[in-house]
Amino acid sequence: MNTAGCAGCGGCSLFVFGVIVIAILLIVLVASGTFSSCGSNPGNVEITKSTIAREPLPKGSVNETGYYMDELGWINKDSVLINGLKHFYQETGVQPYLYITDTVNGSHSPTADDLADFASGLYDKLFTDEAHCLIVFFEYGDGYMDRYVCGNQAKTVIDDEAADILLDYIDKYYYYDNFADEEFFAKAFSDAADRIMAVTRSPWIPVFIVIGIIAVIVLLLFWWSNVKRQENIEAKQTQEILNTPLEKFGDQEVEELTKKYEKKDEGNESKES
């Protein structure tokens, strides 16, 4: 019985060790996935977190228009781009409009203020509602700028934080060499919509949940191990007493042992009854 008890404790220890190793691996995997997603961004762009629970605009808010204007001939498959823009519209209720150009008021080198004024005037020319979000993407030579203008109704969804998320995704995918132009814009709008309409959760929450579960399991295993060890000790003591000849005990000891086990047997019978 003592040998079996030791084997059981050894198996329990191995199991605890295995559980701890698995927990460490899970933590490493989650953490590495978190950091790799940040570190792999070309241009070292960190996407703004969404901290607000947003509701899409009600249907009927938008006087639907086209989805883009490409003055540079970048878009070869407009269905790819439009699918990404429509996903943004479906999720937010705000219709996006992408304007791609290399000229602002006849200039290839506008200032940020020039681009802002151009975008504001363009919104009034293109739309008859307050539920659009216009993104003007300007590129000439080796540099680019982008500017957004949202209608008053659209701003209830595409607030400053949401707009930053969209611009961050555009900046991020702009540097992806394996994306065609329509693909990078489509993915930027699609991913931005998903992030905007959900509160960004900390990547460490799953790690803490796993740690908590593992801690509970380990505590239960240690408790079970201690119970089994105590049972084995008592069983060993009982076996040693039973195997000891009565001649080795004095008369008084024999009487005490007899009374002890008579009481124990009576207690067991009462429990069974």
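A disulfide is a pair of cysteine sulfur atoms within 2.5 Å. The model used in these exercises is predicted.

**Exercise 1**

Find how many disulfides the model holds, and check Cys133 and Cys150 against the cut-off.

*Solution.* 
- Start with the total. The count comes to 0 disulfides.
- Take Cys133. The nearest cysteine sulfur is that of Cys150, 3.0 Å away. The cut-off is 2.5 Å. Cys133 is in no disulfide.
- Now take Cys150. The nearest cysteine sulfur to Cys150 belongs to Cys133, and Cys150 is likewise in no disulfide.

**Exercise 2**

Decide from the relative accessible area: is Cys133 buried or exposed, and is Cys150 buried or exposed?

*Solution.* 
- Recall the limit. Buried means under 20% relative accessible area.
- Cys133 has a relative accessible area of 1%, so Cys133 is buried.
- Cys150 has a value of 7%, so Cys150 is buried.

**Exercise 3**

Describe how helix H2 and helix H5 pack.

*Solution.* 
- Locate the helices. H2 spans residues 78-92, and H5 spans residues 181-196.
- Read the geometry. The angle is about 15°, and the axes lie 7 Å apart.
- Classify the angle. Angles under 35 degrees count as roughly parallel. H2 and H5 are therefore roughly parallel to each other.
- The crossing of H2 and H5 is left-handed.
- List the contact. H2 contributes residues including Val80, Leu81, Leu85 and Phe88. From H5 come, among them, Phe185, Ala186, Phe189 and Ile196.
- Sort the contact residues by type. The contact of H2 with H5 has 9 nonpolar, 4 polar and 4 charged residues.

Key
Residues are numbered from 1 along each chain as its sequence is written. This is a predicted model: local features need pLDDT of at least 70, side-chain atom pairs count only at pLDDT 80 or more; totals for chains, interfaces and linings use all residues. Side-chain values use heavy atoms; hydrogens and water are left out. Axes are lines fitted to C-alpha atoms, for helices over the stretch in contact, and angles run from 0 to 180 degrees between N-to-C directions. Helices (H or I, at least four residues) and strands (E, at least two) are DSSP runs, numbered from the N terminus. Angles under 35 degrees count as roughly parallel, over 145 as roughly antiparallel, 65 to 115 as roughly perpendicular and the rest as oblique. A crossing is left-handed if the near helix is turned anticlockwise from the far one by less than a right angle, and right-handed if clockwise. Contact means heavy atoms within 4.5 Å. Ala, Val, Leu, Ile, Met, Phe, Trp, Tyr, Cys and Pro count as nonpolar, Asp, Glu, Lys and Arg as charged, and the others, Gly among them, as polar. Buried means under 20% relative accessible area, exposed over 50%, partly exposed in between (1.4 Å probe, protein chains only).
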